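Trainee: Please take me through this model by question and answer, starting with strand pairing.

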Amino acid sequence: MGEDAESPKINHTFLRDYVTEADVISTVEFNQTGDLLATGDKGGRVVIFQRETEVSYIHLPPLSGDNHKILICHQNLSKNLSVTLFPIYSRSVQRRSEHVGEAGDSGEYNVYSTFQSHEPDFDYLKSLEIEEKINKIKWLPKQNAAHFLLSTNDKTIKLWKVSERDKRPEGYNLKDEEGRLKDISTITSLQVPVLKPTDLMVEVRPRRVFSNGHTYHVNSISVNSDGETYLSADDLRINMWHLGITDRSFNIVDIKPANMEDLTEVITAAEFHPHHCHLFVYSSSKGTLRLCDMRASALCDKHTKLFEEPEDPGSRSFFSEIISSVSDVKFSHSGRYLLTRDYLTAKVWDLHMDKGPVETYQVHEYLRSKLCSLYENDCIFDKFECVWNSSDSVIMTGAYNSFFRMFDRDTGRGVTLEAWRESSKPRAVLRTRRVYTGGKRRRGDVGVDSLDFSKKILHMAWHPSENIIAIAATNNLYIFQDRVNTESQAH
């Protein structure tokens with residue numbers, strides 16, 4: 001993008017509009033190629049972004065709620081951080097990618113399609129409301145021209161087909177141009193219908209609805225490497241589904257005790273191995289990881305390996321069990337390592353070493369002294385996600401005050417960056433940030449007592465092959481690209 005006066009400017013007044021709970025982004029996910037990015041929100045809506053390579057016309061269905069702001073950013077993630085930010089205000093019924101400057105020439109992510117995935121529901125048997133919030137989105141490997149994705153709320157999982165149509169049939173024998181039936185007595189000859197070019201249409205249709213599989217809230221879904229099955233996990237059970245069968249699933253993990261008073265832990269996350277279709281891992285609220293092999297038993301209540309870190313009795317406190325609960329677990333792309341996130345740390349585990357993590361990264365250790373107040377305002381129960389980069393050499397996770405952290409596994413060095421809309425001017429410099437905990441205070445440091453705990457980065461995704469990251473901050477989506485690396489590869 002150029003640096004001329006015609007660069008798009010951000011209307012900060014619009015960005016400060018009131019944010020409703022339904023507009024808060026609740027999940028972010030790239031597809032296998034990274035060309036598509038899907039986000040889900042608490043209003044049950046899914047927005048799909050496409051990486052544009054050329055100018056195109058796209059029709060989007062109308063959607064209630066117009067309060068999402070998406071900040072598309074070209075971002076250098078190295079030391080000299082040079083940023084160009086482009087705001088996209090989505091939800092228009094028809095738009096062109098030129099509306100965002102030269103997005104079509106720069107490989108920008110633009111709104112591709114929007115649709116309502118889930119609606120509020122009610123469980124009459126238990127007299128409970130079922131929220132429409134999208135908990136997870138997972139893309140299926142592409143098999144043909146169409147794309148498929150799974151989305152889930154607390155109870156129901158849906159399979160969606162996303163396809164394009166740029167031609168329409170014309171010249172029917174029994175229908176006129178407006179689709180009305182003709183009078184048969186007026187038909188004197190037969191004609192062959194033909195396909196004629198039309199504006200590009202993106203169609204999203206539900207193909208399968210997987211319901212009645214969970215008694216408790218679904219927290220994870222994961223597509224198997226065989227491309228035919230996937231798992232879904234709630235607090236006490238993990239089910240395995242076939243993508244073509246909706247009326248039954250196979251229970252592969254069940255930790256529900258005979259007496260619920262004996263319940264000591266719950267399942268917090270689960271994921272299939274990226275290469276071996278018989279392996280999966282799930283985490284618990286006790287901070288443990290269990291690797292299961294479906295070749296050993298159909299019901300995997302007995303794990304193959306247990307990963308846990310021995311607790312130091314001297315550091316145990318009232319909050320120990322809460323902050324040790326694993327909120328997210330991810331296999332590395334190689335399948336050799338596991339990345340987990342608890343409240344204060346991110347940890348890397350080697351599948352060949354189950355005695356403890358091989359790497360531990362302090363995300364915000366300075367909050368340890370604030371656990372009492374964080375417990376009172378429920379922030380201690382926040383569930384932060386974590387992700388790998390494409391080469392498994394860098395990990396990323398979120399924090400408070402719109403901060404997110406990256407750690408280089410080779411050097412152990414960590415950097416704190418901020419997804420902050422006030423610095424979103426064209427060619428602005430996004431600086432690294434630091435939380436002041438003592439010693440000499442630098443200019444720009446943020447004190448622990450000054451952190452805004454309402455601005456939390458919980459959800460994020462990393463492009464599967466490039467240094468492009470997507471960060472969800474309330475109703476804003478930030479997409480950062482390592483522009484220096486991209487330009488150096490071009491040369």
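Trainee: Which residue in β30 is the bridge partner of F403?

Mentor: This is a predicted model, in which local features need pLDDT of at least 70 and side-chain atom pairs count only at pLDDT 80 or more, while totals for chains, interfaces and linings use all residues. Residues are numbered from 1 along each chain as its sequence is written, and side-chain values use heavy atoms, leaving out hydrogens and water. Strands here are DSSP runs of E with at least two residues, helices are runs of H or I with at least four, and both are numbered from the N terminus. In β30, F403 is bridged to E418.

Trainee: How many bridges join β29 to β30?

Mentor: Two strands pair if DSSP finds at least two bridges between them. F404 stands opposite L417 in β30. Strand β29, residues 403–408, runs antiparallel to β30, and the bridges that join them number 5.

Trainee: Which residue in the hairpin of β29 and β30 takes a positive phi near 80 degrees?

Mentor: This hairpin has 5 residues between its strands. The one with a positive phi near 80 degrees is G412.

Trainee: In what order do the 4 strands of the open sheet lie?

Mentor: Strands of a sheet pair through backbone hydrogen bonds, either parallel or antiparallel. In this open sheet the pairing is antiparallel, and the order is β27-β28-β29-β30. The strands that pair on one side only, at the edges, are β27 (386–388) and β30 (414–418). To restate the order, it is β27-β28-β29-β30.

Trainee: Why is β29 largely enclosed by the rest of the structure?

Mentor: Burial is judged by relative accessible area with a 1.4 Å probe on protein chains only: buried is under 20%, exposed is over 50%, and partly exposed is in between. β29 is largely enclosed because, of its 6 residues, those buried number 5.

Trainee: Is S402 buried or exposed?

Mentor: Most residues other than glycine have a negative phi. S402, in the loop between β28 and β29, has a positive phi near 65 degrees. Its relative accessibility is 9%, so S402 counts as buried.

Trainee: And is N212 buried or exposed?

Mentor: N212 is not a glycine, yet its phi is positive at about 60 degrees. The residue lies in the loop between β14 (194–210) and β15 (220–223). At 77% relative accessibility, N212 is classed as exposed.

Trainee: How many salt bridges does the count come to?

Mentor: A salt bridge is a side-chain nitrogen of Lys or Arg within 4 Å of a carboxyl oxygen of Asp or Glu. By that rule, the count of salt bridges is 24.

Trainee: How many residues apart are E359 and R409?

Mentor: The side chains of E359 and R409 meet in a salt bridge, 2.7 Å from N to O. E359 is in strand β26 (residues 359–362) and R409 in the loop between β29 and β30, distant parts of the chain. Both E359 and R409 are buried. Their separation in residues is 50.

Trainee: What is the N to O distance in the salt bridge of E365 and R368?

Mentor: E365 is partly exposed, with a relative accessible area of 31%. R368 is also partly exposed, at 40%. The N to O distance of this pair is 2.5 Å.

Trainee: How far apart in sequence are the parts that D382 and K456 tie together?

Mentor: The side chains of D382 and K456 form a salt bridge at 3.0 Å, N to O. D382 lies in the loop between α4 (371–376) and β27, and K456 in the loop between β32 (446–447) and β33 (459–462), so the separation of the parts tied together, in residues, is 74.

Trainee: Are D382 and K456 buried or exposed?

Mentor: Both side chains take part in the 3.0 Å salt bridge. D382 and K456 are both buried.
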